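Colleague: I am new to this structure. Please show me how to read it.

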Amino acid sequence: MKARAFSYVCPATVAEALDAFAAAGSEASFIAGGQSLVPALALRLQAPECLVDIGRIAELRGISQDGEWLRLGALTRHVEVHDHPLIAACAPLLALAAPFVAHPAIRNRGTLGGSIALADPASEFPAMMLAVAAEMEIAGPAGRRRVPATDFFQDLYQTAIEPGELLVAIHIPVARPGHRCAFDEFARRRGDYAIVGCGVMLALPADVVNEARIAFLSVGSTPLRARAAEAALNGRPLDAAAIRDAQAALASDLDPADDEQVPAAMRLHLARVLLGRLLGKIAAAA
Amino acid sequence: MDLSISLTVNGVRRDVALDNPRVTLLDLLRERLDLTGTKKGCDRGQCGACTILLDGRRINSCLALAISHDGADILTIEGLAQGEELHPVQAAFIAHDGFQCGFCTPGQIMSAVGLIREGQAGDDPERVREAMSGNLCRCGAYAGITEAVLEAQKTLADAGRRDAA
Ligand SMILES: Cc1cc2nc3c(=O)[nH]c(=O)nc-3n(C[C@H](O)[C@H](O)[C@H](O)COP(=O)(O)OP(=O)(O)OC[C@H]3O[C@@H](n4cnc5c(N)ncnc54)[C@H](O)[C@@H]3O)c2cc1C
Ligand code: FES
Ligand code: FES
């Protein structure tokens, strides 16, 4: 099948992109790396009348550190998340998750901003935004604002980005030397969307867990933070008892549904297994 | 709307006036430039048959709108051999029976060329399989493909060392 016909504009600045979208009305769509949108067009799951290509907007590029914050332009490609030394140093959890996102050819084109704006609950990067406490910088006709990840993911494919607004950059607090992180997922084949995935970030000053943030993908209609599991860890040494309590707490954090891949009970079981492995790995390395 | 773009395809500059912005690089190569070596398997990013190099990196050409890539440098399977002399990856696929029907092969070979340029798989077959995971083969020639990639990688590394010496 071919995509429905559409018109195309390729603005050079954020302001031009917002104007172009506004001029096209509600039938417009931004396109970044195209790795989700182009197949959706070909299958006619989406049929915008106008595509506003943001791929040449310089302000949306670049990875830089400004004091306590790391700034990732929305057009940062998955492959850069995997390879960039500043990300390895300042937000290592993202680099750990990157190899699990699709396949190499898709990672060469797909963008971090596109993945987060799409907010697929089975995607790795949206969930990791919760674990690293990222803030999303959004530009719209009314100006700019920064939305913390906990307020950003609102419902299935629903984010704080309103129609006609653009995700400009992702801001992440720089990980401190005492921070530990780990990521893993279960998928049927390498590169497939995960049955369940988990990223953990915590601090271990004086061997006591602090600021634990645990985020899951593929367990609900949005990426989810496991706050009861976090509470079970904070203030305690990362030992077998604390890990068991965190695993048990997932019963109140997660309420997955049955689907064609696996039943809900199995998903919860796999989530517990994953969390146990990740915390065990962090404890062993500490 | 101005729908003209220029690309460098296999070293040759091509100026194209697109009929329509929805044309993908895959359809442009096959239908406008008569480069039918690049295959269409799924047209939705799931099989890798359409893999090409764009500015030196492997991509799925079915997921790229041509209009977005004005000025790009493209390498397809037709541009690999030097006259009668096969590219080392092509030669290795033949030596190791890295195909059966051959439909996935141009995509496999371009993906392998991209992988070798990325230089991250080392000599570990498991890493090679992982890095080739976006390229499906219905004939199941995976064992030969992995061997071919490992051998081609070694041939190219040896040649690189000879050139440097
Ligand atoms: C075969 C296959 C397997 C995949 N597997 C995975 C996987 O395992 N895990 C995973 O996470 N992803 C996977 N993906 C999706 C991939 O990661 C996409 O690249 C990503 O989801 C979208 O990024 P993009 O830049 O390509 O966005 P596009 O496709 O260009 O856009 C996606 C959506 O986001 C909007 N958008 C894009 N950028 C912005 C912005 N800056 N501001 C506002 N809106 C914006 C667009 O309007 C569109 O609605 C897979 C894709 C394919 C084809
Ligand atoms: S045709 Fe492009 S990935 Fe299948
Ligand atoms: S050789 Fe037939 S599909 Fe790979």
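Modeller: Start with handedness. A crossing is left-handed if the near helix is turned anticlockwise from the far one by less than a right angle, and right-handed if clockwise. Helices (H or I, at least four residues) and strands (E, at least two) are DSSP runs, numbered from the N terminus. Here H2(B) passes H5(B) in a right-handed crossing.

Colleague: What should I know about the model and its labels?

Modeller: This is a predicted model: local features need pLDDT of at least 70, side-chain atom pairs count only at pLDDT 80 or more, and totals for chains, interfaces and linings use all residues. Residues are numbered from 1 along each chain as its sequence is written, while chains are lettered from A and ligands numbered from 1 in the order in which they are written.

Colleague: At what angle do the axes of H2(B) and H5(B) cross?

Modeller: In general, two packed helices are described by the angle between their axes and the distance between the axes. Axes are lines fitted to C-alpha atoms, for helices over the stretch in contact, and angles run from 0 to 180 degrees between N-to-C directions. The axes of H2(B) and H5(B), residues 142–164, cross at roughly 140° and come within 8 Å. That makes H2(B) oblique to H5(B). Angles under 35 degrees count as roughly parallel, over 145 as roughly antiparallel, 65 to 115 as roughly perpendicular and the rest as oblique.

Colleague: Which residues make the contact of H2(B) with H5(B)?

Modeller: Two residues are in contact if their C-beta atoms, placed from the backbone, lie within 7 Å. H2(B) brings B:Pro88, B:Val89, B:Ala92 and B:Phe93. H5(B) brings B:Ala148, B:Glu151, B:Ala152, B:Thr155 and B:Leu156. By class, that is seven nonpolar, one polar and one charged. Ala, Val, Leu, Ile, Met, Phe, Trp, Tyr, Cys and Pro count as nonpolar, Asp, Glu, Lys and Arg as charged, and the others, Gly among them, as polar.

Colleague: How do H2(B) and H3(B) pack?

Modeller: H2(B), residues 88–95, and H3(B), residues 105–118, pack at about 125°, with axes 10 Å apart. H2(B) and H3(B) are therefore oblique to each other. Their crossing is right-handed. B:Val89, B:Gln90 and B:Phe93 of H2(B) meet B:Thr105, B:Ile109, B:Ala112 and B:Val113 of H3(B). Five of these residues are nonpolar, two are polar and none is charged.

Colleague: Where does ligand 1 lie?

Modeller: Ligand 1 lies between chains A and B. A residue is near a molecule or strand if its C-beta atom, placed from the backbone, lies within 6 Å of it. Around ligand 1 there are 31 residues, and the closest are A:Gly33, A:Gln35, A:Gly110, A:Gly114 and B:Gly45. H7(A) gives the most to this shell, with five residues. The shell has 17 nonpolar, 13 polar and one charged residues.

Colleague: How many residues of chain B are in contact with chain A?

Modeller: 24 residues of chain B are in contact with 23 residues of chain A. S4(B) gives the most to the chain B side, with four residues. That side has nine nonpolar, nine polar and six charged residues.

Colleague: Which domains does the assignment give chain B?

Modeller: Domain bounds come from an automatic or database domain assignment. For chain B it gives domain 1 (4–79) and domain 2 (88–164). Their C-alpha centres lie 21 Å apart. The contact takes 14 residues from domain 1 of chain B and 13 from domain 2 of chain B.
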